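Subject: Structure for you to look at

Dear colleague,

I am handing over the structure below, and after it you will find my notes on what was found. Please keep the view open while you read, so that you can follow along.

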Amino acid sequence: MNESGKNNIIAVASGKGGVGKTWLAVTLSHLFARSGRHVLLFDGDIGLANVDVQLGLIPGRDLGGVLSGRHTLEEAVMHYEEGGFDIIAGRSGSATLATMPVEKLKAIGAGLAPLQKNYDFVVLDIGAGIEQHVQYLTTLASRCVVIITDEPTSLTDAYAFIKITHTNNKNSPEMGIVVNQAATQKEGEATYHAINKACVNFLGMSPPLWGIIRRDNKVKDSIRSQKSLLIKAPHSTAATDAAALSIKLMQK
C-alpha cells in the first residue's frame, strides 16, 4: 500500500485516439497485479470510456455517477476477477462529461487522494487530446506514459500534448515515451527519435524512451474477444514487450 502522495499514480495518455492507449493501460494493470501488486485501473477517458468494453464487463456504477453525486469514487470500485485488479469504469457516450468544468472534476482528485493509499499502483487511462479535463487528470499522476505510433498525426498530436503538459502545468508529471505497434525494435527507436528531436529543439527537454511494443495481431484478437492479452496470449510478442515496460515502471 502507498502513503507517499501521488507517487504510485501512473497516467497513460496519447495525443490522438487509436494508438492503443486503453489496451496498454489494461495490460499494465494486469501485469502489475500478476507481480503481486494491489492495482486500481481508473478509466478517465471521459465521454469515450471503454475499459469495461475491452474486458467484457458491465459496471453497476461508473465515473458518471461519481461526477453527478450519486455515489463516491470508492463506491464505484469494481473488481476484475480474471485480472486480479480493481477498476473504476468511465462513462461512455456522454459529451456533457467531456465538456465538464475542471471545478467539477476536482471531486475526482479529492476522492482519489485517500483511495490511492489502498493501492500499490493506480493506472489512469487518460483521454486522448489536450483538452482541459485531460490536462487536469494528468496532473493527478507522478508519471505519465505518452503512447505514440509512427503515424505523422500521432507524433504531432503527442508533441502538442507534451508541450502543453510541460509548459502549462506546475504539477506536471514525469513523462516518458512508449512506441506502440512498431514494425521492429529499430523502427520503434526511429519513431522515438523523431518526437524526441522536436522536444529537444523546441521545448528544451528530452522525454526518455520507456518502451517499444512491437506490432502483434494477438492484440486485436484479445480486444475482439474482450479479454486481457495476458489471458488470451500471455506469451505473445506484445505481452513480452509490455512486461518489460511494466518491470521498468515498477523499478522506478
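Is Asp241 buried or exposed? With a relative accessible area of 10%, Asp241 is buried, since a residue counts as buried when that value is under 20%. Please bear in mind that this is a predicted model.

The side chain of Asp241 meets that of Arg214 in a salt bridge, with 2.9 Å from N to O. Asp241 belongs to helix α11 (residues 237–251) and Arg214 to strand β8 (residues 209–214), so this pair ties together parts that are 27 residues apart in sequence. Arg214, for its part, counts as partly exposed at 32% relative accessibility.

Another salt bridge brings together the side chains of Lys16 and Glu151, at 3.6 Å from N to O. Lys16 is found in the loop between β1 (9–14) and α1 (21–34), while Glu151 is found in the loop between β6 (143–148) and α7 (152–168), so the pair ties together parts that are 135 residues apart in sequence. Glu151 is partly exposed, its relative accessible area being 35%.

Strand β1 deserves a look of its own. Six of its six residues are buried, so β1 is largely enclosed by the rest of the structure. In a regular strand the side chains alternate between the two faces of the sheet. In β1 both faces are covered, with Ile9, Ala11 and Ala13 buried on one side and Ile10, Val12 and Ser14 buried on the other.

Which strands pair with β1? One is β5, which pairs with β1 in the parallel sense over four bridges, and there Ile10 stands opposite Val123. Another is β6, which runs parallel to β1 and is joined to it by five bridges, with Val12 standing opposite Val145.

With best wishes

Terms used. Residues numbered from 1 in each chain as written. Predicted model: local features only at pLDDT ≥ 70, side-chain atom pairs only at ≥ 80, totals over all residues. Heavy atoms only, no water. Salt bridge = Lys/Arg side-chain N within 4 Å of Asp/Glu carboxyl O. Helix = DSSP H or I, 4+ residues; strand = E, 2+ residues; numbered from the N terminus. Buried < 20%, exposed > 50% of the residue type's maximum accessible area, 1.4 Å probe, protein only. Pairing = 2+ DSSP bridges.
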